[in-house]
Amino acid sequence: MQNTPTFHDLLNDAAILSMEHQLHMEKVVGNSNWNADLAEPRFEFSGESQLVCDRFHLLGSAAPGPGSWMWAWANPSGFSPEVTELSVTVRDLGRKYGIAELAEPEVPFSALPGSPEMPHQVLSLLTDAAKVLTGRWAAYNGPVGGGTRAGFLLEHPGFLLPAPTALHVISVIQQAVSQVPSITDHRRASYSYARLRGLDPQFSADGRTLTLKAFGIELEFDELNRLIRAQGTLTPDSV
């Protein structure tokens, strides 16, 4: 990630690893119910899975009435610093990088890329940016009444990703670039994912080919930074 990223840069940086974590988290918690006690504080899943998070962080909420997102640090309800301090970290980094979407207390849906209309779409964008800035990758959002949804980042050993394999890495990258709308630069998104996943990425001299040296995977991009080839040699140890 460059020293002064834009909001779009952060979305590209986060997208693939974020998707991978969400797919893993869905396997862990399934269709469980959730409950957050912001005063205690405590966040737990019950039903199909029984799990109490080690820590959780309220990032903010997206409300369809005013059509805006409000960061947790700015919420007039005055939640405890323990659950809002991560949103303050995101705010401070937003101010440092000059990213209004992260620095302002309230963000209109229309000010975000693609002008999303649904709260869950807004949550996806803001939580992805927060993930890559804070290194917390497991996110959850849920209804809190009146169509409003609250966004959380969760910490629990069960949400940590298993070690990658070559086949899985190729599959995740291809799935993300074809299905995640916030990815506007396949080249940047793939490099950031490989770096964050510890896959030792290295570009060719012309910048068109990215080799993930950990597995010998080659990714080729066109002049518009779109992924046009993903290739690797699979061995019994890499699948």
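The dialogue below takes up strands, a helix and a pocket.

Me: What should I know before starting?

Reply: This is a predicted model, in which local features need pLDDT of at least 70 and side-chain atom pairs count only at pLDDT 80 or more, while totals for chains, interfaces and linings use all residues. Residues are numbered from 1 along each chain as its sequence is written, and side-chain values use heavy atoms, with hydrogens and water left out.

Me: Which order do the strands of the open sheet of 3 strands have?

Reply: In a regular strand, side chains alternate between the two faces of the sheet. Strands (E, at least two residues) and helices (H or I, at least four) are DSSP runs numbered from the N terminus, and two strands pair if DSSP finds at least two bridges between them. Here the order is 1-2-3, with antiparallel pairing. Strand 1 (33-37) and strand 3 (51-52) are the edge strands, each pairing on one side only. Strand 1 is joined to strand 2 (residues 42-46) by 5 bridges, and Asn35 stands opposite Glu44 in strand 2.

Me: How many residues lie between strand 4 and strand 5 in their hairpin?

Reply: The hairpin has 4 residues between its strands, and Gly67 in the turn has a positive phi of about 65°. Strand 4 (residues 55-63) and strand 5 (residues 68-71) are antiparallel over 4 bridges, with Gly60 opposite Trp71. Strand 5 is also joined to strand 6 (residues 106-108), again antiparallel, by 3 bridges.

Me: Which residues of helix 6 are buried?

Reply: An α-helix has 3.6 residues a turn, so residues three or four places apart point the same way. Buried means under 20% relative accessible area (1.4 Å probe, protein chains only). In helix 6 (residues 186-196), the buried residues include His186, Ser190 and Tyr193. The elements that the buried residues pack against include helix 1 and helix 5. At the N-terminal end, Asp185 is the cap: one of its side-chain oxygens lies 3.1 Å from the backbone nitrogen of Arg187. Gly198, with a positive phi near 75°, follows helix 6.

Me: Which element gives the largest share of the lining of the largest pocket?

Reply: Rolling a probe the size of a water molecule over the atoms shows where empty space is left. A pocket is an open set of points on a 1 Å grid where a 1.4 Å probe fits, with protein on both sides within 12 Å along at least five of seven lines; lining residues have an atom within 4 Å of a point. The largest pocket has a volume of about 860 Å³, the space filled by probe spheres set on the points. Of its 33 lining residues, the closest to the centre are Ser18, Gln22, His120, Ser124 and Asp128. Helix 1 gives the largest share, 10 residues.

Conventions
Buried means under 20% relative accessible area, exposed over 50%, partly exposed in between (1.4 Å probe, protein chains only). Contact means heavy atoms within 4.5 Å. A polar contact is a pair of N or O atoms within 3.5 Å; within protein, one must be able to donate a hydrogen and the other to accept it, and residues adjacent in sequence count only if both atoms are side-chain atoms.
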